[in-house]
Amino acid sequence: MNRRSFSLLLTALAVLAVLAGIGLYGGRQGSRDAGLLQPGLKVQLNDIQRIVITGKGNDTIATLERGASAWTVAGRHNYPADVARIRKNLLALAEARIVEEKTSNPDFYDRLGVQDPASATASGVQLTLSGGKAPISVIVGQPQPGTPDLTYVRRAGEAQSWLVAAQFDLGKTSSEWLDRVVADIPATRIQSVTITQPGLETLRITRSVDQQPDGITAFQVADLPAGRQLSYAGIANGVAAVLADLQLEDVQTREVLGANPGKPVLARFVTTDGLVVEASAWRLPDGTRITFSASGEGAAEEEAAALNARLGGWVYTLPVYKTEQLTRRLQELLAPA
């Protein structure tokens with residue numbers, strides 16, 4: 001073989017290698033969804049408009065709907081939904097990869113938690129998505145014992161169940177799908193707090209000039225009765241920190257207060273940068289309900305407007321320990337006489 005023929009042979013082999021590489025790459029691209037429980041779902045996630053979570057007895061746990069600007073929880077007065085939780089579960093389903101084929105015998109579904117939700121003893125949760133190319137419905141059962149990132153599932157209407165690599169967090173109540181964050185204003189921003197009890201005294205707490213040795217912002221209680229002392233030095237700090245990581249337990253509309261709920265306990269928080277947040281606590285027969293309003297000057301005006309837009313018109317049930325701090329009386333902070 002002369003040099004020219006050898007050179008042509010090398011060129012041809014190089015071209016074949018490139019073509020083979022292209023073919024291999026194309027094959028990999030086409031098979032990237034192979035093994036997924038719901039192939040093609042991931043590219044449709046932005047098209048999903050409605051999510052229904054169903055429990056035993058076909059009880060609707062939550063219906064989530066995508067609005068023009070946000071997800072809301074239908075049946076809960078269209079309160080904003082927990083978008084992070086929605087995203088987590090949608091991605092879990094879209095990326096769920098089949099690990100092992102499991103039973104197709106309905107007699108054994110209960111062992112995996114993949115019974116039909118119409119059953120009164122169903123332990124799994126059905127997740128139904130609509131808005132994409134076609135409705136998708138999957139019964140999410142139990143995680144594999146000792147392996148929370150492996151879950152038993154069954155596509156609704158199919159006999160076959162599967163073990164998939166996915167971790168879900170679907171909850172058992174509609175409250176778990178609410179956006180739980182009410183406010184997050186740390187004590188380091190608080191300048192003063194006043195809590196006014198109807199017909200009783202007003203508790204006044206102010207920011208101390210000095211910080212505690214550990215760097216925590218300290219607060220002091222004003223107007224201590226003669227001869228009385230606080231239960232302990234930092235007892236006011238808990239009151240000042242009540243708006244930090246404040247999360248709801250439940251939420252309702254203003255109608256729950258009724259026509260004449262009486263005068264509320266009013267807690268007024270003033271920050272160092274001009275934001276004012278007022279929490280009105282209404283003591284109702286079935287528990288304390290709380291409403292919020294905000295105002296502000298300068299840079300805080302925009303923050304106040306955002307708080308009012310999000311919290312105005314709603315009545316919140318908060319964790320007991322937060323409610324207690326919002327309704328503190330001066331005498332509750334004092335050491336025994």
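**Exercise 1. Strand 19**

Task: Find which residues of strand 19 (residues 314-317) sit on each side, and decide whether they are buried or exposed.

Solution. 
Step 1. The model is predicted. In a regular strand, side chains alternate between the two faces of the sheet.
Step 2. Sort the residues of strand 19 by side. Trp314 and Tyr316 share one side, and Val315 and Thr317 take the other.
Step 3. Check the burial of each. Buried means under 20% relative accessible area. Trp314, Tyr316, Val315 and Thr317 are all buried, so both faces of strand 19 are covered.
Step 4. Look for a neighbouring strand. Strand 15 (residues 250-253) runs antiparallel to strand 19, and four bridges join the two.
Step 5. Pick out one bridge. Gln252 has Val315 of strand 19 as its bridge partner.

**Exercise 2. The aromatic cluster**

Task: Work out how Tyr79 and Tyr316 are arranged as an aromatic pair, and which residues form one aromatic cluster.

Solution. 
Step 1. A pair of aromatic rings is described by the distance of the centres and the angle of the planes.
Step 2. Count the pairs. There are three aromatic pairs.
Step 3. Take Tyr79 and Tyr316. Their rings lie 6.1 Å centre to centre, with 80° between the planes. Planes over 60 degrees apart count as edge-to-face, so this pair is edge-to-face.
Step 4. Tyr79 belongs to strand 4 and Tyr316 to strand 19, so the pair ties together parts that are 237 residues apart in sequence.
Step 5. Check burial. Both Tyr79 and Tyr316 are buried.
Step 6. Take Phe292 and Tyr316. The ring centres are 5.9 Å apart and the planes stand at 65°, so this pair is edge-to-face.
Step 7. Phe292 lies in strand 18 (residues 287-296) and Tyr316 in strand 19, 24 residues apart, and the pair links distant parts of the chain. Phe292 is buried.
Step 8. Name the cluster. Tyr79, Phe292, Trp314 and Tyr316 form one aromatic cluster.

**Exercise 3. Two residues and their contacts**

Solution. 
Step 1. Locate Gln44. Gln44 sits in the loop between helix 1 (3-30) and strand 1.
Step 2. List its contacts. Leaving out residues up to four places away in sequence, Gln44 touches Gly132, Lys133 and Ala134.
Step 3. Locate Ala236. Ala236 is in helix 4 (residues 235-240).
Step 4. List its contacts. With residues up to four places away in sequence left out, Ala236 touches Ile205, Phe219 and Val221.

**Exercise 4. Positive phi**

Task: Where do Asp223 and Asp245 lie, and what is the phi of Asp223 and of Asp245?

Solution. 
Step 1. Most residues other than glycine have a negative phi.
Step 2. Asp223 has a positive phi, near 60°. Asp223 lies in the loop between strand 13 (219-221) and helix 4. At 52% relative accessibility, Asp223 counts as exposed.
Step 3. Asp245 also has a positive phi, near 50°. Asp245 lies in the loop between helix 4 and strand 14 (246-247). At 49% relative accessibility, Asp245 counts as partly exposed.

**Exercise 5. The whole protein**

Task: How many helices and strands are in the protein, and what share of the residues counts as buried?

Solution. 
Step 1. The protein has six helices and 19 strands.
Step 2. Of its 337 residues, 39% count as buried.

Note on methods. Residues numbered from 1 in each chain as written. Predicted model: local features only at pLDDT ≥ 70, side-chain atom pairs only at ≥ 80, totals over all residues. Heavy atoms only, no water. Buried < 20%, exposed > 50% of the residue type's maximum accessible area, 1.4 Å probe, protein only. Pairing = 2+ DSSP bridges. Contact = heavy atoms within 4.5 Å. Phe/Tyr/Trp six-rings, centres within 6.5 Å; stacked < 30°, edge-to-face > 60°.
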